[in-house]
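Let's walk through this model together, one neighbourhood at a time. Please keep the viewer open as you read.

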Amino acid sequence: MRIGEVAALVGLTTRAIRHYHHVGLLPEPERRPNGYRAYSVRDAVLLARVRRLTELGLSLQEVRDALADDAGRELIEILEELDADLARQEAAIRERRRRLGALLAEPPGATGPVSPALAALLAQAPRTDSPSAAKDREYLALLDTTSTGDQEMLALLETLIADPGVVELYERLDALTEAPTDDPRIAPLAADLIAAVPEEVFAAIPEDGVVVTGFKEALLAEYSPAQAEVVGRLMDAFVERGRG
């Protein structure tokens, strides 16, 4: 059979067959004296198998592996493995849709997407329009995304996040937006913020600190000068107690 004939037989295009030869998926058949490829029934069987596997979702690399590593196995065995893989993908998609549904259920402006653990933690936080509270949620989401995620730390933060009194601390921090750096409210607020953090959280801080180099400076730049004084003292307390 010529390439056009085998292509029509197995339901592929000649372009696809040439591409399979080009990428090494299938060896090229011998050519006739006139230069045309001469495809055998065996070639047609292999091409039909490639078509079935690709239609079921296998990539060309996976098809190549199936043809090379599973020589002699029945197609049904490969398909059963593929079915199991698709079942795993289906379960993963269901979990992703569940998480997406939770994000869609959040109010406008809510932080996301985040890990399930952090989403559950933030769900316990009292509702507030505090800009400082919004910043904290954004920073937690950032650290959640850029780290491997510390489940123990998130569990320890549960008491702090769910405390209604924390909202009042956020509001006091908001009130310092236009304040000078010598405002008398700075020291008491910093002390109250430090006191609000459970000792277990401080104890869980690694000795090398809580953030990467340069993060503290970048974070403080997000606040007004007076607010940065408060937040800076809180971060220093985390570092100090983490080393202790």
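Val166 is a residue of helix α9, which spans residues 165–174; helices here are DSSP runs of H or I with at least four residues, strands are runs of E with at least two, and both are numbered from the N terminus. Val166 counts as buried because its relative accessibility is 12%, where buried means under 20% relative accessible area, exposed over 50% and partly exposed in between, using a 1.4 Å probe and protein chains only. Along the sequence, Val166 and Asp192 are 26 residues apart, yet their C-alpha atoms are 9.8 Å apart in space.

A word on what you are looking at: this is a predicted model, in which local features need pLDDT of at least 70 and side-chain atom pairs count only at pLDDT 80 or more, while totals for chains, interfaces and linings use all residues. Residues are numbered from 1 along each chain as its sequence is written, and side-chain values use heavy atoms, with hydrogens and water left out.

Stepping back, you will find 13 helices and 0 strands in the protein. Of its 244 residues, 34% count as buried. Taking contacts (heavy atoms within 4.5 Å) with a separation of 6 or more, residues 24 or more positions apart account for 63% of them.

Now turn to α2, residues 14–22, whose buried residues are Ile17, Tyr20 and His21. These sit on the same side of α2 because they cover an arc of only 100° around the axis, the arc being that of the directions from the helix axis to the C-beta atoms. After the helix comes Gly24, with a positive phi near 80°.

Helix α1 (residues 3–10) packs with α2 at an angle of about 105°, their axes 9 Å apart. Axes are lines fitted to C-alpha atoms, for helices over the stretch in contact, and angles run from 0 to 180 degrees between N-to-C directions. The angle makes α1 roughly perpendicular to α2, a label for 65 to 115 degrees (under 35 is roughly parallel, over 145 roughly antiparallel, the rest oblique). Ile3, Gly4, Val6 and Ala7 of α1 meet Thr14, Ile17 and Arg18 of α2 in this contact.

Finally, look at two rings. Arg2 lies over the face of Tyr36, 3.9 Å from the ring centre, and the charged end of Lys135 sits over the ring of Tyr223, 5.4 Å from its centre. A charge sits over a ring if NZ of Lys or CZ of Arg is within 6 Å of the ring centre and within 35 degrees of the ring normal.
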